[in-house]
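Here are my notes on the structure, as numbered points. Please read them with the coordinates open.

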Amino acid sequence: MNQSPVEHFFLITGTTRGIGKALTAAALALPNSFVVSLSRAAPFLWDNRQNIRIDLNDTDRIGAAFKRIQMSRQQTNRLTHTVLINNAGVLDPIAPIGDCEDTLLAQNIRVNLTAPLILARHFFHFSRPFPGRKWIVNITSGASRAPYYGWSAYGAAKAGLDMATRAMAMEFSRIDATFTVCAVAPGTVDTAMQEKIRNCSVQQFEQVDKFLKLKDSGALASPEHAATALIRLMMNGRFKNGGRYDLRELKW
Ligand SMILES: NC(=O)c1ccc[n+]([C@@H]2O[C@H](COP(=O)([O-])OP(=O)(O)OC[C@H]3O[C@@H](n4cnc5c(N)ncnc54)[C@H](OP(=O)(O)O)[C@@H]3O)[C@@H](O)[C@H]2O)c1
């Protein structure tokens, strides 16, 4: 493994595809970066890239995952940015809540809300001894603010994540002013999640037509565009502590 000093350390969840995969590439493009992903893919470690295998449904295993991060103490001396991006997300179950399975409802809240909170808590303790600035970026959604028929668990989890962002921003920065906690909505991005939405029946998801039209009109952003915008805006200090941002509304 590369033992040279790290300037930009990223811990990113949900990196097997979509926005998380593009965020990993954008983070790796920064000088002297080290990117650790938490995903359900096979574990690996080479050069400045590590994957730790974890199903974020197993929230009891999150703390142990931090102990597997392969960055030596000497490598952390020159850190300028230490970043957690809570990106992994799941839409299922997509249906009016009366038709949803109990297990899927519980899993949705675990992956979209419980896991990011536990990750943020461990990241706070993990990163505090490091020099430089620390960021926790929670990936939210327009569904945190407007109810969508058929997305009750997803909308509730993202609304909870927005509120948790504001609370953690107060708490962490009061203890340590080097922390910034914010929420970022990526806009409508051309990923497997959007494909899943377009494949819904109207009975499952009333607004399916709106999403079919967005795809047909070429209105979806690419994951690479969303990821590059997010990393650039963060590095340029555009995200303030406790803020909630929509990438579509920001110039970069
Ligand atoms: N795409 C959009 O238009 C849009 C809009 C608003 C917000 N968002 C948010 O953006 C984030 C990324 O979405 P996306 O569009 O890139 O979705 P995606 O293509 O469906 O990718 C979701 C990622 O989350 C991972 N994941 C899901 N459940 C997991 C679990 N239990 N444990 C570990 N990893 C898990 C998936 O890994 P596996 O391969 O293992 O399933 C995958 O890497 C999500 O938080 C989503 O809510 C997306």
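1. Asn32 sits in the loop that joins H1 to E2. The model is predicted, and in it Asn32 has a positive phi of about 50° although it is not a glycine. Most residues other than glycine have a negative phi. Asn32 has 16 C-beta neighbours inside 10 Å and therefore counts as partly exposed, since that class lies between the limits of 12 or fewer for exposed and 20 or more for buried.

2. Asp47, in the loop between E3 and E4, is another residue to check. Its phi is near 50°, a positive value in a residue other than glycine. Is Asp47 buried or exposed? Asp47 is exposed, because 10 other C-beta atoms lie within 10 Å and the limit for that class is 12 or fewer.

3. A further backbone point concerns the peptide bond from Asp92 to Pro93, which is cis, with omega near 5°. Most peptide bonds are trans. Pro93 belongs to the loop between E5 and H3.

4. Now the sheet. Eight strands form an open sheet with mixed pairing, in the order E3-E4-E2-E1-E5-E6-E7-E8. Strand E3 (44–46) and strand E8 (244–246) are at the edges; each has a single partner strand, so one side of each is left without a neighbour in the sheet. From one strand to the next the twist averages 20°.

5. Within this sheet, strand E1 (residues 8–13) pairs with strand E5 (residues 81–86) in the parallel sense, over five bridges. Phe10 stands opposite Val83 in E5.

6. Two helices deserve a look against these strands. Helix H1 (residues 18–28) lies across E1, strand E2 (33–39), strand E4 (49–53) and E5, and runs at about 175° to E1. Helix H3 (residues 102–127) also packs on the sheet, where it touches E1, E5 and strand E6 (133–139). The direction of H3 makes about 170° with that of E5.

7. Last, the ligand. Which residues are closest to the ligand? They are Gly14, Gly18, Gly89, Thr191 and Met193, out of 27 residues that surround it. H1 and helix H5 (192–198) each supply at least two residues of this shell.

How values were computed:
Residues are numbered from 1 along each chain as its sequence is written. This is a predicted model: local features need pLDDT of at least 70, side-chain atom pairs count only at pLDDT 80 or more; totals for chains, interfaces and linings use all residues. Two strands pair if DSSP finds at least two bridges between them. Helices (H or I, at least four residues) and strands (E, at least two) are DSSP runs, numbered from the N terminus. Axes are lines fitted to C-alpha atoms, for helices over the stretch in contact, and angles run from 0 to 180 degrees between N-to-C directions. Two residues are in contact if their C-beta atoms, placed from the backbone, lie within 7 Å. A residue is near a molecule or strand if its C-beta atom, placed from the backbone, lies within 6 Å of it.
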